[in-house]
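Here is a short briefing on one protein structure. Look at the model first, then work through the points below.

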Amino acid sequence: TLVAPEGVNTLVIDRSAKIYANGTAANPIIMTSEQDVAGVDALNLRGTWGGLVINGSATLNTQSGTDEGEGSTGTYGGGSSPRDDDDSGSVTYVQIKYAGWPITSENELNSIALQGVGSGTILDYIQVHNGADDGIEFYGGTVNAKHLVLTGNDDDALDWTTGYRGNLQHIVVKQTSSGDNCIEADNLGSYPIATPRSIPTVSNLTCIGSPDQKGNGHAFELKAGTGMNMSNSIIGGTFPPVDEGCILIKGEETFTQSGA
């Protein structure tokens, strides 16, 4: 599917479709730009294609239960009849390189966008490298993902919003000077107490910061009402010396909904 801006191609899996991209450890599937295949300098390749977008029919906490994907990537979410076990296929042993595109500050293509994707979808052994925006963002839904390597991405490595409730485990994040947060997440910006609340379970995460990463990057920035259940995880490396600290819990609703 060709999406804005003109010339940035994005692979979009609609709600009515499934993707089966299953490589092996010895022979992974590599999704990258034509320039990368041609041997162009990798430092100049961020944003040379739009990334992978999967639209599903699971639950969102928006008023209508659906939403429109950023970058004109289609309708997602199950509306009044969501299917949290929705199956959009499987993506295993896949590398996604040099993808994403920040069209505007509020309209951005990520390397992988999982939009209303259900738990019947399989995501395992995936690397996202040197993306132009977030590495992986979950827009609602219940899909689980494991064995993720997120390196050199130009904004946040891992992001979620609109009621995401999956399980994420065995994740390595390595930020560089162009990155922001290891995790930046919210529940719903326009209504932070919306239900179902974004509250995934994250385990076995290693977050490695960079002292010169952009802005006021944190290990975790939790805002707009989100929660997170985290265990067996490590924050390492160095983060910029800002007053907000390594972990930022932002907004009264975020804090009060988390109880003690």
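The largest pocket holds about 450 Å³ of space. A pocket is found on a 1 Å grid over the protein atoms alone, as an open set of points with protein on both sides within 12 Å along at least five of seven lines. Grid points are joined across faces, edges and corners, and a volume is the space filled by probe spheres set on the points. This is a predicted model: local features need pLDDT of at least 70, side-chain atom pairs count only at pLDDT 80 or more, and totals for chains, interfaces and linings use all residues. Residues are numbered from 1 along each chain as its sequence is written, and side-chain values use heavy atoms, with hydrogens and water left out.

**The largest pocket**

- The lining has 22 residues, and E70, E106, E137, T161 and D186 are the closest to the pocket's centre.
- Strands β6 (67-68), β13 (136-139), β15 (158-161) and β17 each give two or more residues to this lining. Strands (E, at least two residues) and helices (H or I, at least four) are DSSP runs, numbered from the N terminus.
- By class, the pocket lining has twelve charged, six polar and four nonpolar residues. Asp, Glu, Lys and Arg count as charged; Ala, Val, Leu, Ile, Met, Phe, Trp, Tyr, Cys and Pro as nonpolar; the others, Gly among them, as polar.

**The cavity**

- The count is one cavity of 30 Å³ or more. A cavity is a set of grid points where a 1.4 Å probe fits but cannot get out.
- The largest cavity has a volume of about 40 Å³.
- Its lining residues, which have an atom within 4 Å of a point, are V53, E70, T73, E108, L109, N110, A113, Q115 and Y139.
- Strands β10 (107-109) and β11 (112-115) each give two or more residues to the cavity lining.

**The nonpolar cores**

- The largest nonpolar core has 41 residues, and I136, F138, L158, W160, L168, I171 and I183 touch the most other members. Such a core is a set of buried Ala, Val, Leu, Ile, Met, Phe, Trp, Tyr and Cys residues joined through side-chain atoms within 4.5 Å.
- Another core, of six residues, lies apart from it, and V53, Y76, A113 and Y139 are among them.
- Beyond its neighbours within four places in sequence, I183 is in contact (heavy atoms within 4.5 Å) with L158, W160, L205, A219, F220, E221, L222, M228 and M230.

**The cysteines**

- How many disulfides does a search of the whole structure find? There is one. A disulfide is a pair of cysteine sulfur atoms within 2.5 Å.
- C182 and C207 form the disulfide, with their sulfur atoms 2.1 Å apart.
- The torsion about the S-S bond of C182 and C207 is about 85°, so this disulfide is right-handed.
- C182 lies in the loop between β16 (167-174) and β17 (183-186) and C207 in strand β18, so the pair ties together parts 25 residues apart in sequence.
- C182 is buried, at 1% relative accessibility, and C207 is buried at 0%. Buried means under 20% relative accessible area, exposed over 50%, and partly exposed in between, with a 1.4 Å probe and protein chains only.
- C246 is in no disulfide; the nearest cysteine sulfur, that of C207, is 6.8 Å away.
- C246 is partly exposed, at 32% relative accessibility.
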